[in-house]
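Subject: Structure for you to look at

Hello,

Here is the structure we talked about. Please open it before you read the rest.

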Amino acid sequence: MTAPTIPTSSSPASHAPGVSAGPRSGGSGGAHGGPGRGNPMTREPLRRDPADLAQLRAHPVSYRRIARLFAPHRGRLAVVVLLIVASSLIGLATPFLTKAVIDDALPHQDLALLVRCVLALVAVAAVTAVIGVLQTWLATGVGQRIMHDLRTRLFGHLQRQDLNFFTRTRAGEVTSRLTNDVAGVQGVVTSSATSAAANVTTVIGSLVAMLALSWRLTLISLLVLPVAIVVSRKVAALRRDVTARRQAALADLNGQVEESLSVSGVLLSKTLGSGPSLASRFTEASRGMLGLEVAAQLAGRWRMATMTVVFAAMPALLYLAAGLPATAGGMTIGTLVAFTALQGGLFRPLQGLLDVGVQLTASTALFSRLFEYLDLPVEIDDPADPVPFPADRVRGSVTFDDVTFRYPGAERDAVSHVSLAVPAGGHLALVGATGSGKTTLSSLVPRLHDVTSGAVRIDGVDVRSVRLADVAAVVGVVSQESYLLHATVAENLRMAKPDATDAELVAAALAAQLHDVIAALPQGYDTVVGARGHRFSGGERQRVAIARTLLRDPRVLVLDEATSALDNTTERAVQVALDAARAGRTTITIAHRLSTVRDADVIAVLDGGRVVEHGSHAELLARGGAYARLVRDAGTTAGLTAA
């Protein structure tokens with residue numbers, strides 16, 4: 001059969017895998033613009049999230065450390081602040097120009113003044129617009145650079161964590177911190193910080209301008225504004241509570257959709273016949289949303305109605321004050337219009353400044369969540385002074401020297417005082433009941449875990465004294481759980497060797513008895529395997545994993561139930577390929593099917609983390625001990641002894 005065309009270099013997958021949102025972001029603003037933005041008629045007042053406060057209590061963070069992230073960009077940030085101040089001050093010219101038009105240009109029919117004022121109004125709008133674009137460009141650039149730095153640092157640091165971290169941490173939590181929390185940094189720069197600076201400038205500038213126009217009306221405004229803000233926030237608090245209940249119900253509804261309509265969920269419901277009960281459960285949840293949706297809409301309408309009254313009452317009171325002899329003070333119509341505009345523009349910045357403390361808590365909690373992960377110690381890392389370990393010079397002998405290992409928090413050792421030696425090119429088989437420590441012992445060779453005591457050596461060199469990359473180049477692992485990316489077959493294979501040629505891919509696939517399967521796919525090696533390799537059967541996914549490991553040509557092979565997902569026919573074919581691949585390599589095999597390890601040089605039987613006996617297949621059968629009992633229990637005594 002002619003080999004299908006294989007891409008010569010790794011190309012992006014046709015369909016990128018989706019990323020779930022995971023738990024909530026640490027910052028209230030998140031990546032959606034941050035707190036303090038938006039129309040004051042619709043924006044909710046903020047309150048400190050209990051989760052943020054709990055995060056800061058558990059992992060306090062100093063503002064100095066946060067400032068260090070921004071230090072390399074202080075020049076750009078200074079320019080952003082100057083632009084914000086300039087834009088706010090230039091914008092204050094609009095009410096005064098309007099006053100000049102109403103009080104001077106129109107009554108006196110001064111066309112020259114009118115033209116100058118109109119041109120100035122347009123110029124103010126144009127200049128503030130250009131400044132706004134420039135400010136957004138600079139602030140977004142700073143935010144994106146900080147995001148990039150944090151994202152890459154966090155990803156690299158998490159990759160260096162040992163397996164224990166990932167077994168005790170939810171995948172959604174890791175995804176959330178790497179995506180949502182890092183994206184929240186953008187909101188801190190482009191929204192929270194810039195909004196606070198703009199609000200301070202606007203409030204101060206507006207108050208000065210209002211005093212310059214009329215100190216009497218300014219005093220009235222200072223009495224009216226707090227009342228308007230309090231009323232607004234009280235009504236908004238009611239809406240916020242209703243909205244929170246609605247969001248919780250909606251999250252439950254979405255959770256049911258994700259669980260029931262995913263591939264795994266549909267398979268489960270069809271095989272269990274639980275479709276009707278799931279539909280009934282969804283109907284009840286949807287019915288519960290009815291009342292909450294109506295209440296939320298009414299609460300929103302009440303908030304809008306309240307704000308409409310507030311915004312109508314504020315200028316109305318000014319008009320009344322302007323008409324009273326005691327407070328008019330010879331006020332002109334232009335002054336009144338300009339003052340009303342300034343007062344209306346003062347409401348939103350004041351609301352924003354009242355939320356600064358909440359924004360600060362949310363933003364600090366966001367950085368606390370990121371720093372919490374960045375501060376995680378790396379338990380398994382490169383040694384300070386690594387021993388040179390070139391892969392082309394490694395022979396591959398493996399020695400377990402009085403090895404003991406205990407998982408963090410466990411009450412007993414998973415592996416206890418194991419001493420075994422495998423000569424270069426030798427074959428060690430580890431057998432025993434489930435939980436006896438076979439996989440744990442084999443995982444110490446590639447440093448997926450580090451021994452608690454004792455040492456694992458390759459060619460007499462303690463693996464802990466070698467760079468992790470050098471160990472990975474020497475030790476190849478095929479585990480019982482084969483994981484494939486949502487990418488093409490070729491890209492999945494090239495994970496092991498990015499510069500592999502087409503011929504090398506085909507050779508590895510042939511060795512794993514996989515090439516004919518790939519050739520039959522619609523696009524051959526360019527076929528996308530689907531999420532978690534769903535296009536392939538379990539046995540085919542296992543063979544992809546075997547081919548991927550063989551492509552690296554490691555000196556030491558660790559086969560952890562490598563043929564467990566294969567049918568008998570395929571297992572025999574792959575076993576032949578593995579037997580050929582083992583030539584000249586040291587192999588450590590973990591197997592429940594004892595027929596796959598009968599030809600091993602040494603078979604070690606583990607029980608409770610200890611080696612209870614070891615020897616060749618014939619020797620162990622002759623002893624009639626633990627291995628012989630395993631063979632007898634498996635019902636394969638006749639076949640094995642005959643062999």
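Below are some notes on its aromatic rings and the charges over them.

This is a predicted model, in which local features need pLDDT of at least 70 and side-chain atom pairs count only at pLDDT 80 or more, while totals for chains, interfaces and linings use all residues. Residues are numbered from 1 along each chain as its sequence is written, and side-chain values use heavy atoms, with hydrogens and water left out.

The structure holds four aromatic pairs. Rings of Phe, Tyr and Trp (its six-membered ring) pair if their centres lie within 6.5 Å; planes under 30 degrees apart count as stacked, over 60 as edge-to-face and the rest as tilted. Phe165 and Tyr373 form an edge-to-face pair, because their ring centres are 5.6 Å apart and their planes stand at 80 degrees. Phe165 belongs to helix 6 (residues 163-168) and Tyr373 to helix 13 (residues 356-374), so this pair ties together parts 208 residues apart in sequence. Helices here are DSSP runs of H or I with at least four residues, numbered from the N terminus.

Phe165 is buried, at 2% relative accessible area, and Tyr373 is buried at 5%. Buried means under 20% relative accessible area, exposed over 50%, and partly exposed in between (1.4 Å probe, protein chains only).

Tyr373 also has a charge over its ring: the charged end of Arg177 is 4.2 Å from the ring centre. Arg76 lies over the face of Trp137, 5.9 Å from the ring centre. This term requires NZ of Lys or CZ of Arg within 6 Å of the ring centre and within 35 degrees of the ring normal.

Finally, ring pairs link Phe70, Phe367 and Phe371 into a cluster.

Regards

Note on methods:
Helix = DSSP H or I, 4+ residues; strand = E, 2+ residues; numbered from the N terminus.
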